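Colleague: I have a model open and want to understand its labels. Can we go through them one by one?

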Amino acid sequence: MPSEKKLMRGSNVVGEAAVRAGCRFYAGYPITPQNELPEYLSARMPEVGGAFIQGESEIASINMVLGAAATGVRAMTSSSSPGVALKQEGISYMAGQELPAVVINMMRGGPGLGNIAPSGADYYQATRGGGNGDYRTPVLAPAGCQELADLTFTAFDIADKYRTPVMILGDGLMGQVMEPVIFPDPIDIKSLPPKDWALTGCKGRKPKAIFSMLLDLNALYNHNLHLQEKYDEITAKELRWDTAMTEDAELLVVAYGTPSRIAESAIEELRAEGIKAGLFRPITLWPFPTIPLRKLAAKIGKVGVFEFSMGQMLDDVIMAVGERAEIYFYGVPGGIIPTPSDVARFLKSSIKGDGKVGRRIEA
Amino acid sequence: MSAEAAFKKIFGRPESLKENYTHYCPGCGHSIAHRLVAECLDELGLRENTIGVPPVGCAVLAYNYFNFDMIEAPHGRALAVATGIKRTNPDKFVLTYQGDGDLAAIGTAETIHAANRGEKISAIFINNAIYGMTGGQMAPTTLLGQEATTAPGGRDSSLHGNPIDISAMIAVSNGVVYVERCSLASLKQIRQAKKAIKKCFQVQLDKLGFGLVELLSPCPTNWKLSPKEAWAWVNEVMVKVYPLGVIKDTTGYEDKK
Amino acid sequence: MIKRTLFAGFGGQGVLLMGYVLSHGAMHRGLNVTYFPSYGAEMRGGTANCTVTLSDKKIASPVASNPDLFVAMNYPSLEKFEKSVAKSGLIFLNATLIKEEVSRKDVEVIKVPTLELAKEAGSDRAINMVMIGALCAKSGLLSLEDTVAGMQAALKGKEKFFPLNRKGIERGFAFIADGK
Ligand SMILES: Cc1ncc(C[n+]2csc(CCOP(=O)(O)OP(=O)(O)O)c2C)c(N)n1
Ligand code: SF4
């Protein structure tokens, strides 16, 4: 039975959803603004016979996850920006070793120690692969507590299906906000497809090894081609995005996560004044919904990009839209949370094309 | 007689401390430790020649309070950063100031290797058995049975391991010359802590090797105790796991006397 | 219907708890709700605030441009947020601490002597319960029953505080009903 409606904090929602999605191993290191997640799981994991570990660092934690994942267990780690920077080596290894795991980043302001306010400044790190090598990490961007729950399930499924680390990219606001959630049913772990690649001890079969070092030149070449095929398949099958109020829009607002929520209220404010804008919300940031955005942007003719960084997702929008529409940009660096009215001013200015709030991007 | 002549100033702010209010909670050991470090630097005339490395932890803003040059290090990396400074500036006085999460969890490798290289650096190690800044998670030094937000029901050795004694661990290394553990929970101990810090600084001035002073330090906020109860907890409970006194001393200072 | 409430004050005045109570009470009433706390700069003793948005429709932004209702528990909060309150909005002042006047003329001000009322209700710690009672009564956001249910859900596991908190909430409702 799905749970009754519960009012829960975003970080805790991810913890409960992970347990219900069959996660039985969590390792992490404290960092604000997501401490509630390890705190929640420190009590919850033992209840379902799973293991919780507070690692001595983020580096240790991601590698504990690597170890658990190699044995076929659904495993997760979480952190916030500076901590996720430290996990990149482990993520790169898991991409190369084709190990499934879920990594949560509740982004805060950077660079360096920055501050703990909501931020979107790790978009590049998440979508371009923050570690070494030619790999991709599917990235899911929830925009509320219910979606945090649902996408946590999705993340574990994508991870297992394609044998890849998957990232959920939220921010400090997603980690701290409380909203009512209905959790999906807990899955029956035994019903998951078997992982014939997992290390279980070689009794009755030949020993297996999992590795990313391929000294033979052809072997590494072919391994990378194989990874690319997998990434192409993910791009074809796993794209996710959402739209709202686009039918009659004169301006298409592109925003993900928390900024998409603020943008939606800004659009409502404008509509109350008779000004028509619509929303395009990428849910997978990699793969980016390039073609759907391209089509809609070309139809509407004007695009306004709003994110909590000085222009990272903007690159993907420029690649999708090119010269098919005018592009305007409003970037807010970590620390200050703009209100819907602030965003509404940007949208109005973009519709007029006067560039008074934000700036015009020359593609 | 003028007022100046009639009254002798016997207590004031050390020059090595800025005139700022700290953000530390009432009863926190950090403020006492800051003062002791500052007094020792003043007395040794080191302030203007010092480069300090604060931690990521409650003392992350130490550069707002210490009145000498300081460089922020990533969480746990203070002793690596300090190594870079000291090796390029051997005539500078270099100190780190680190919490237990910083020095004994995420920074364990940097701590052990800086100590083992015998870096001529002084480390001030604040052991409050908890993660203060992030709100009370388990630290590597948390005592068995002690409550922490990530150790519900208290630290359990079978799940969370045992309290780590990093001071004793580094003491076995030849590069380490002087290690002493003191507490900030009684006037007598605070005076002893000052002596230890000053001696540790002397070790660096004499280019003998690595020195570390561990300070058992109350965190009333996350221990959920009043400042008075927190002092009692240090003196009655914490010292049983972390006994006070000299852990290693190969300075030969006493012998000379 | 959409109503945005901003609570602000010192850490330790129960500001975040008022937000929880309102959020849980709204859930009890079957409304959609979003609660967003300010989560301090990892520093002690600062100010705290939270925004609670209630609606019978889907809620977009968790942060409000102009809150319809504003609870100021201390003067610095009043000074900081007064300007942002929506036209014809309601400002609830913790009159025990705030002696200054609200400078806006286009809002309604409700002065709640929280400490005095809390003492009458039996505990000077119930000031936040008195305030949330007054807020729900005056705004009509929640009935007494929903507010009490919200308090009980917010403080699940701390049942021993229920009776006193309930008295505090009731005192807040009575203050609005009787004007004293
Ligand atoms: C890479 C990284 N991981 C985690 C954090 C979050 N963090 C800040 S301070 C701290 C630990 C604080 O504990 P401690 O070192 O014992 O110092 P205290 O605050 O108790 O003085 C942590 C985990 C961070 N800033 N950077
Ligand atoms: S949380 Fe603890 S260590 Fe940090 S300032 Fe407060 S008392 Fe000191």
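Modeller: Start with Asp316(A) and Arg128(A), which form a salt bridge. This is a predicted model, where local features need pLDDT of at least 70, side-chain atom pairs count only at pLDDT 80 or more, and totals for chains, interfaces and linings use all residues. Residues are numbered from 1 along each chain as its sequence is written, chains are lettered from A and ligands numbered from 1 in the order written, and side-chain values use heavy atoms, without hydrogens and water.

Colleague: Why is the pair Asp316(A) and Arg128(A) called a salt bridge?

Modeller: The term needs a side-chain nitrogen of Lys or Arg within 4 Å of a carboxyl oxygen of Asp or Glu. Here the closest N and O atoms are 2.9 Å apart, so the pair qualifies. Between domain 1 and domain 2 of chain A the count is three salt bridges.

Colleague: What makes these two parts domains?

Modeller: The bounds come from an automatic or database domain assignment. That assignment gives domain 1 (5–237) and domain 2 (241–361) in chain A. Their centres, taken over C-alpha atoms, are 29 Å apart.

Colleague: How do you know which residues are in contact?

Modeller: Contact means heavy atoms within 4.5 Å. By that rule, domain 1 of chain A gives 32 residues and domain 2 of chain A gives 25.

Colleague: What makes an area count as buried?

Modeller: It is the accessible area (1.4 Å probe) that two parts lose on being put together, summed over both. For domain 1 and domain 2 of chain A that is about 2200 Å², with 56% from carbon and sulfur atoms. On the domain 1 side, Tyr123(A), Tyr124(A) and Ala141(A) lose the most area to domain 2 of chain A, together 26% of what that side buries.
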